[in-house]
Amino acid sequence: MQEKILILDFGSQFTQLIARRVRELNIYCEIHPFNNFPEVDSTVKGIILSGSPYSVRQADAPQFDFARHHRTLPILGVCYGAQYIAHYNAGEVSPSSTREYGRANLQYIADGNPLFKEIPQHSQVWMSHADTIQNVPADFEIIASTDSVRVAAYHIKDTQTFGIQFHPEVTHSIDGKQLLQNFLVDICGCAQDWTPDSFIETTIASLKDKLGDDKVVLGLSGGVDSSVAAVLLHHAIGKNLYCIFVDNGLLRKDEFESVLESYKHMGLNVKGVDAKQRFYDALEGLSDPEKKRKAIGRVFIEVFDDEAHQVQDVKWLGQGTIYPDVIESVSVKGPSATIKSHHNVGGLPDFMKLKVVEPLNTLFKDEVRKVGKALGIDANILGRHPFPGPGLAIRILGEVTPEKVRILQEADAIYINNLRSAGVYDKVWQAGTIFLPVQSVGVMGDERTYENVVALRAVESVDGMTADWCHLPYDLLAKISNEIINNVKGINRVVYDISSKPPATIEWE
Ligand code: XMP
């Protein structure tokens with residue numbers, strides 16, 4: 001059985017980051033809400049308690065049955081987690097009188113404590129708390145202090161319970177990774193054997209077990225997640241996986257053909273469905289972005305449902321859902337706010353009544369890429385920029401027509417090919433071309449023109465939540481602009497988008 005670390009989420013914005021750091025050490029971990037976590041069985045090697053926007057002094061502060069797990073498993077409390085354990089054991093936690101936010105240095109580190117193995121005196125840490133632990137009970141040993149925080153870290157004597165008031169998961173805590181490694185490897189005894197290869201092996205075995213001879217349908221999008229999910233399922237059940245790749249007429253130039261070809265090379269049982277006209281018909285006359293999105297979503301469901309019906313006796317729907325989509329973040333308003341609404345199952349298309357299998361639902365995006373690489377998936381598919389589901393429809397402002405799609409595809413292909421040949425494609429998080437609903441005057445030869453404008457967008461980002469525009473070299477922008485205007489009939493002006501998110505967004509619609 002896969003050994004793991006449980007991270008109990010008390011609502012901190014850093015909880016996911018703790019999980020990332022644990023996994024970077026090749027140790028599998030799961031995040032669960034503090035008030036709803038699975039039975040702690042023998043696969044659990046240790047528990048980390050996260051931070052929280054709450055104060056332990058509040059009447060409705062999140063609780064954890066500390067006594068139940070203390071002395072049975074190693075426990076590391078981080079920030080609120082540390083304060084909670086101190087408070088629970090009758091220590092004193094009160095609002096801090098001095099600023100305890102930002103960088104600080106551990107002026108004192110106890111000799112020989114396993115949590116601080118190989119961490120030098122004065123190590124820089126990052127603090128972020130309004131409360132502070134003033135006093136700890138007699139059986140707590142203070143094992144690190146800063147100038148202003150006496151109880152920066154403690155250890156409950158003769159146990160494997162530790163608390164730290166700084167955040168080891170942020171990079172400003174220079175030795176944070178070492179501290180986590182000390183806790184996870186030396187104290188919890190984790191084996192550090194959770195690698196892409198081990199993930200692939202155990203996932204394929206469990207998919208075989210779960211699916212047996214059942215049939216699965218899966219919609220491919222050309223993106224990383226659905227491709228990796230498909231290849232894993234293919235390794236497990238081979239031809240019983242039926243992939244459907246829909247051409248909605250809103251993909252990049254030649255993308256449908258080339259991606260379909262790559263899928264076939266990978267040995268996938270994939271059916272390409274040309275549904276361009278159905279999408280164009282549904283989009284006719286629509287210029288409101290939300291109406292366009294809804295129309296595309298609706299037609300996709302219709303097309304997919306038709307295709308799924310062609311597969312006899314299908315029992316499962318495969319999906320490329322990844323971990324950030326499934327982590328139930330703790331609502332600071334309490335558990336009732338996280339209860340999900342129930343769908344009216346009767347009104348759903350047939351394929352949605354299938355059982356769902358999601359082989360990637362424990363992985364973060366970069367882990368999906370690593371697994372994809374270990375599976376031998378084409379770098380071209382793994383490294384591609386994110387592309388929105390509604391595709392070029394939300395990059396054509398206003399009404400979408402096949403002619404506008406064609407013009408945009410040509411301009412966009414020139415843009416993307418130039419990013420690739422200049423060696424900057426992989427440095428850009430996402431790039432695309434936008435067809436603007438304005439025409440402007442130009443001259444070509446002796447002729448006056450009155451044609452369309454396209455905008456180029458390129459952003460740097462980590463997760464799409466915030467983004468900065470890329471400072472592409474002027475020479476490259478000049479070359480792209482020339483090539484577009486000289487080669488794409490219908491465009492006589494190119495502009496570059498220099499807005500960051502926020503306040504702008506990445507897409508224009
Ligand atoms: P925004 O424009 O909100 O985009 O800054 C953030 C990220 O989300 C993508 N995006 C979408 N993806 N369906 C999708 O599948 C959509 O309707 C959609 N809208 C935006 C966008 O490409 C960027 O990566």
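Modeller: Before we start, a residue counts as near a molecule or strand if one of its heavy atoms lies within 4 Å of it. This is a predicted model, where local features need pLDDT of at least 70, side-chain atom pairs count only at pLDDT 80 or more, and totals for chains, interfaces and linings use all residues. Residues are numbered from 1 along each chain as its sequence is written, and side-chain values use heavy atoms, with hydrogens and water left out.

Colleague: Which residues are around the ligand?

Modeller: R293, P388, G389, P390, I394, W429, Q430, G464, K501, T505, I506 and E507.

Colleague: How does that shell divide into nonpolar, polar and charged?

Modeller: Five nonpolar, four polar and three charged. Ala, Val, Leu, Ile, Met, Phe, Trp, Tyr, Cys and Pro count as nonpolar, Asp, Glu, Lys and Arg as charged, and the others, Gly among them, as polar.

Colleague: What lies 2.6 Å from an oxygen atom of the ligand?

Modeller: A polar side-chain atom of R293. For K501, a side-chain N or O atom is 2.7 Å from a ligand oxygen. E507 has a polar side-chain atom 2.5 Å from a ligand oxygen.

Colleague: How much of the ligand does the protein cover?

Modeller: 68% of the 500 Å² of accessible area that the ligand has on its own (Shrake-Rupley method, 1.4 Å probe).

Colleague: New topic. What are the domains?

Modeller: An automatic or database assignment gives domain 1 (4-187), domain 2 (196-382) and domain 3 (395-496).

Colleague: How far apart are the C-alpha centres of domain 2 and domain 3?

Modeller: They lie 29 Å apart.

Colleague: How many salt bridges between domain 2 and domain 3?

Modeller: Two (a side-chain nitrogen of Lys or Arg within 4 Å of a carboxyl oxygen of Asp or Glu). Elsewhere in my notes, K253 and E410 meet in a salt bridge through their side chains, at 3.3 Å, N to O.

Terms used. Polar contact = N/O pair within 3.5 Å; in protein donor to acceptor, adjacent residues only side chain to side chain.
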